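Hello,

Here is the structure we talked about. My notes follow below it.

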Amino acid sequence: MSIEKVLAKHEFEQWLYDEAKLIDEIDFDGWFNLMHTDLKYEMPVRVNKEGMERPDYSKEMFAFQDDIETMKMRVDRLKTDYAWAEMPPSRTRRFVSNVRVLEYVENEKAVVHSYLLIYRSRSTDIHHDLISGERQDEFTYVEGEWKLSKRFFIVDQTTLNTRNLAIFV
Amino acid sequence: MIETKTNVHLDEMSREEVANYLSETVRPEDGVIPAYIMGDENVNKLEHEKIFMKTWLLLGHESELPNKGDFITRDLAGYSVIVSRGQDGSLRAFYNMCTHRGMKLCRADKGNKGQFTCPYHGFTYKNSGELIGVPLQKDIYGGQLDMEKMSLHNVTLDTYKGLIFGTWNENPEPLLEFLGDFKWYLDIVVGRTEMEVIGPPQKFIVHSQWKIGSDNFVSDSYHTMVTHGSIAKLGMVPNAAYSKKGYQVHVKNGHGCNIGMPNPDFAFPEELIPEYKENLSSDQFELMSNVKNMIGTVFPNLSFLVSHTKVKGKLISNTTLRLWKPIAPDKMEVMTWFLVDKNASEDWKYRSRESYILTFSPSGIFEQDDTEVFTDITQAAAGTLPIVKNFNYNYTMGMHREPVKDFIGPGVVYPDKFTEAGSRNFYSYWLDMMKA
């Protein structure tokens, strides 16, 4: 691995860790600032296919399919006094690993895939939810910062074992 | 009030005694629904036998399997079934179990197959259910195996306006009669034109009693003001009390809906008006032209929703179906389908799907607040406390009102969405079935 690639991997690992910290600590404005104005944020519905047929997710139906405008609505909603689903907020911990930089053009764009495991605990409930999946991210460099321009989250369940997706993936 | 009984033990009662106790304590005509029916294991078990094994339940929509050989696998009362479209074009459904040794035949959600082969011993069935192949049959069974008697176990099936219903009851009330006058309203939701399901249904687990979902859709527009208060704050609907205006309807067999109206804007693609007029009566079309939302439940656990809101400054509606599938007294799988008018423009379809995902999918900003409430109600209803303390819910809202006589559609109709009449009707039919 060239030193350039090592540095790029390190750079995006840090970006993803910082992102995780912002949303785990309920700084939605801080998190939203990481998004590019051309954002495409999608989570397709995973399906059970015959045998090895791939891809095993839907190209037509999504649990999230947001652009910057609808994402802004979600974030704004969480700041109203009526966003019961996350009031008080879930305790979440986002574990990011297996970071791979697939494409990297310095100060321009990058394609980065990573694994994500979210631990979610609500209120006094002794149950916890685990959401596991792969993020396929694309980044665009804007005014000295990497912004997330595309996220495609492939979740590892066909039936989601969490009460809602009031949290971000 | 019924005196408090501290020595009630449903787990020691026979089925008949449980039904009698339900009769005494579930009093929808007085607006009294006891909390224990939302958490008790014995009630849950009886519901499975008396309701879910007896009534029609939704399996899917015809547009999910348009071609010969198409199939989908779904649960019917918790048991996996294969719904398939045979070479003759007709729909059939079977228990997803090989009749030889009981292995699950098909593990895919959907596909296209003329026959199914069991992964255990290779028994092969046509998609019409007949056993057509057994490896080494002549040798190992001496040609004596009665294959005709080994067809897949059949599920009773019927459809209405594209909705596929199944039941384990071999002698059910005919589907059209079961739906009764509710068909008039369902027509607007799923029969106004050719509708198609887009993509697979979304499925998620909520630690909630299934009835809370059905009840919420059959008569609870009241919660919208508070639970969904954030939506008005975002400007997606005019104000928090917008959900009050309109009508609430219920018919026999526990079905009911809420019709939000009037609406100054037409909630559906205007270019399809000729199709709507062709498929609906003039009264149905008139109602449709005025609705801003329709929320209802087909007994026991199929709910539907037409919702018209403003997304990105533009009005758009979406039509969805959902099943509240019981898994345990305190757990259900929610399954939601997005439907769209097949001949709508691509732009309209895209925006309608976008509004569904944003509002009523698992990430939906309406949906998520509901599931939070459902979960907490379920926790409070569990255990022996609600039964020994005789905790009841109050379902008296709107009991002072008289139904209107001159409404355009059938059923018992109230001129206000804020009433619990639809829930009283739902629990009254629920009780009839539990006692039957």
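A contact here means heavy atoms within 4.5 Å. Among contacts in chain B between residues at least 6 apart in sequence, 66% join residues at least 24 apart.

This is a predicted model: local features need pLDDT of at least 70, side-chain atom pairs count only at pLDDT 80 or more, and totals for chains, interfaces and linings use all residues. Residues are numbered from 1 along each chain as its sequence is written, chains are lettered from A in the order in which they are written, and side-chain values use heavy atoms, without hydrogens and water.

Chain B overall:
- Its C-alpha trace spans about 75 × 65 × 35 Å along the principal axes.
- Of the 436 residues of chain B, 61% are buried (under 20% relative accessible area, 1.4 Å probe, protein chains only).

Now the cavities. On a 1 Å grid over the protein atoms alone, a cavity is a set of points where a 1.4 Å probe fits but cannot get out; lining residues have an atom within 4 Å of a point. Grid points are joined across faces, edges and corners, and a volume is the space filled by probe spheres set on the points.

The structure has 5 cavities of 30 Å³ or more.

Residues from chain A and chain B line it, including Arg120(A), His128(A), His207(B) and Thr375(B).

Best wishes

Notes:
1 Å grid on protein atoms, 1.4 Å probe; cavity = no way out; pocket = protein on both sides within 12 Å on 5 of 7 lines; lining within 4 Å. Buried < 20%, exposed > 50% of the residue type's maximum accessible area, 1.4 Å probe, protein only.
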